[in-house]
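Colleague: Can you walk me through this model? I'd like the domains, then the ligand, then the packing.

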Amino acid sequence: MVLVEKDVPVAFENVDISRGAHHSDAHLARNPFGRIPVLEHRGLQVYESQAINRYLDGVLPGPALMPATPAGRAVVDQWTSIQSCDFQPHARDLVLHKVLLPRMGAQPDMAVIGNAEEKLTAVFHAMETQLERSDYLAGDTVTLADLSFVPYTDFLLQAQCESLVFVHKNLRRWWCAMSLRESYRNMLRPIS
Ligand SMILES: N[C@@H](CCC(=O)N[C@@H](CS)C(=O)NCC(=O)O)C(=O)O
């Protein structure tokens with residue numbers, strides 16, 4: 001999404017997780033945790049999407065996706081940290097137990113679903129409180145904070161979890177704005 005926001009073309013190398021390519025020696029040399037994405041640019045090799053996004057925003061031309069002030073940057077860091085620690089792990093649990101396991105004929109764990117819904121409800125409530133005050137999570141322009149929440153919010157909507165999101169008026173407005181962006185349409189992927 002960041003690359004589309006910046007309008008910068010890039011060469012992608014596909015690491016096929018379904019075939020275990022993320023555990024190959026070649027990929028583990030890039031990321032010892034065996035995860036994607038990894039960025040390679042001008043001799044730099046870096047993993048973890050928030051770090052990659054920060055770097056890309058810093059080196060690429062195009063609209064700034066980080067605020068100019070320390071206070072603004074702190075607010076973005078606050079939300080990207082919430083995204084990594086409190087949002088993505090639970091969103092992943094919901095997608096796994098509501099979509100992927102049933103698709104494979106396996107039984108979902110209702111306790112995991114209940115816990116994930118409770119944790120995500122708290123995150124969406126905090127986002128709504130912020131979005132009552134500003135158009136986007138870290139002010140009135142789109143930043144890396146907003147972009148970081150889009151992929152898994154999209155997966156949650158595909159996993160029939162609309163009520164978690166759309167119960168909130170401002171979150172609904174934020175989602176409409178984010179989902180109209182070209183970077184979202186470019187990223188759109190069915191859960192697989
Ligand atoms: N915290 C990491 C999470 C990355 C992540 O979970 N990537 C998934 C694909 S979306 C992955 O590599 N899964 C393979 C695995 O964990 O074995 C980031 O933000 O980059």
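**Domains, ligand and packing**

Modeller: The centres of domain 1 and domain 2 are 22 Å apart, taken over C-alpha atoms. This is a predicted model: local features need pLDDT of at least 70, side-chain atom pairs count only at pLDDT 80 or more, and totals for chains, interfaces and linings use all residues. Residues are numbered from 1 along each chain as its sequence is written.

Colleague: Where do domain 1 and domain 2 run?

Modeller: Domain 1 is 2-59 and domain 2 is 70-187. Those bounds come from an automatic or database domain assignment.

Colleague: How many residues of each domain are in contact?

Modeller: Seven residues of domain 1 contact eight of domain 2. Contact means that the C-beta atoms of two residues, placed from the backbone, lie within 7 Å.

Colleague: Which helices supply the domain 1 side?

Modeller: α1 (2-6) and α3 (49-59) each supply at least two residues of the side touching domain 2. α3 gives the most, with four residues. Helices (H or I, at least four residues) and strands (E, at least two) are DSSP runs, numbered from the N terminus.

Colleague: And what classes of residue does that side have?

Modeller: Two nonpolar, two polar and three charged residues. Ala, Val, Leu, Ile, Met, Phe, Trp, Tyr, Cys and Pro count as nonpolar, Asp, Glu, Lys and Arg as charged, and the others, Gly among them, as polar.

Colleague: Switching to the ligand. What surrounds it?

Modeller: I17, H22, G34, R35, I36, P37, E48, S49 and S84. Each has its C-beta atom, placed from the backbone, within 6 Å of the ligand. By class, the shell has three nonpolar, four polar and two charged residues.

Colleague: Back to α3. Which of its residues are buried?

Modeller: S49, N53, R54, L56 and D57. A residue is buried if 20 or more other C-beta atoms lie within 10 Å of its own, exposed if 12 or fewer, and partly exposed in between, with C-beta atoms placed from the backbone.

Colleague: Now the largest nonpolar core. Which residues touch the most other members?

Modeller: L120 and L147, out of 30 residues. Such a core is a set of buried Ala, Val, Leu, Ile, Met, Phe, Trp, Tyr and Cys residues joined through C-beta atoms within 7 Å. α4 (70-103), α5 (110-131), α6 (144-158) and α8 (169-179) each supply at least two residues. α6 gives the most, with seven.

Colleague: What does L120 touch?

Modeller: F87, H90, A91 and L164, not counting residues up to four places away in sequence.

Colleague: Last one. Why is I113 classed as partly exposed?

Modeller: Because I113 has 17 other C-beta atoms within 10 Å. I113 lies in α5. Leaving aside neighbours within four places in sequence, I113 contacts L94, H97, K98 and P108.
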